[in-house]
Amino acid sequence: MTESTVTVVIVPGLRDHVAEHWQTFLADKLDNTVTVPPLEHDKLSRVARVAALDEVVNSVDGPVVLVAHSAGVMTTVHWAQEATRRIEGALLATPADVENPLPQGYPTTDDLERGGWNPIPRRQLPFPSIVAASTNDPLADPRRVADMAQAWGSRLVSVGAVGHLNPAAGYGPWPMAEQLLGDLIDARQQVVL
């Protein structure tokens, strides 16, 4: 691998781009980011979301690190099962447990099933990864997240009682993302903060 700047690819959840979300603040702060664009059609289609991620990753020259949140984590782990390109790593923040009912206002289990989200892949990921887990996430029990992290071969980091780590939980900026992202990047590479 050549010494070049890492491109951070932001993988949003099912609600896509949210202006006050920590991923948006992180993308604005970093010099070299690309965000997977929102879908115009088939918004609950896992296949369409994986294809959108694949298109973005394959459009980037040089090393890539993914920063995924919520159902974006599920998009990432599904993508990894048939990845067409090597990446350097992934920060997987507060994965949504799409195998269990989500709170009101989120897609139903039946909708997610029809969208092809289940089962959640449980094979080891082919790249280093960190799962940032909340102790009080309404979208996933911490024990289930720990089991996912173990199956994926991810380093599990408890980030405390941060809810679902979204604007509804009070996030905005999340400085720990930069620290965890830095952990994924080789000393020869740079993410300009």
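Mentor: In helix α5, the residues V145, M148, A149 and W152 are buried. Helices here are DSSP runs of H or I with at least four residues, strands are runs of E with at least two, and both are numbered from the N terminus. Buried means under 20% relative accessible area, exposed over 50%, and partly exposed in between, with a 1.4 Å probe and protein chains only. These four residues lie on the same side of α5, because they cover an arc of only 100 degrees around the axis; the arc is that of the directions from the helix axis to the C-beta atoms.

Mentor: A word on the basis of these values: this is a predicted model, in which local features need pLDDT of at least 70 and side-chain atom pairs count only at pLDDT 80 or more, whereas totals for chains, interfaces and linings use all residues. Residues are numbered from 1 along each chain as its sequence is written, and side-chain values use heavy atoms, with hydrogens and water left out.

Trainee: What do the buried residues of α5 pack against, and which exposed residues does the face turned away from the buried side carry?

Mentor: Contact means heavy atoms within 4.5 Å. By that criterion, the buried residues of α5 pack against α3 (71-80), β4, β5 and β6. The face turned away carries the exposed residues R143 and Q150.

Trainee: How should I read the two ends of α5?

Mentor: A polar contact is a pair of N or O atoms within 3.5 Å; within protein, one must be able to donate a hydrogen and the other to accept it, and residues adjacent in sequence count only if both atoms are side-chain atoms. At the start of α5, a side-chain oxygen of D141 comes to within 2.8 Å of the backbone nitrogen of R143. After α5 comes G153, with a positive phi near 75 degrees.

Trainee: In what order do the strands of the sheet lie?

Mentor: Strands of a sheet pair through backbone hydrogen bonds, either parallel or antiparallel. Two strands count as paired if DSSP finds at least two bridges between them. Here 6 strands form an open sheet in the order β2-β1-β3-β4-β5-β6, with parallel pairing. The edge strands, β2 (33-35) and β6, each pair on one side only. From one strand to the next, the twist averages 20 degrees; axes are lines fitted to C-alpha atoms, for helices over the stretch in contact, and angles run from 0 to 180 degrees between N-to-C directions.
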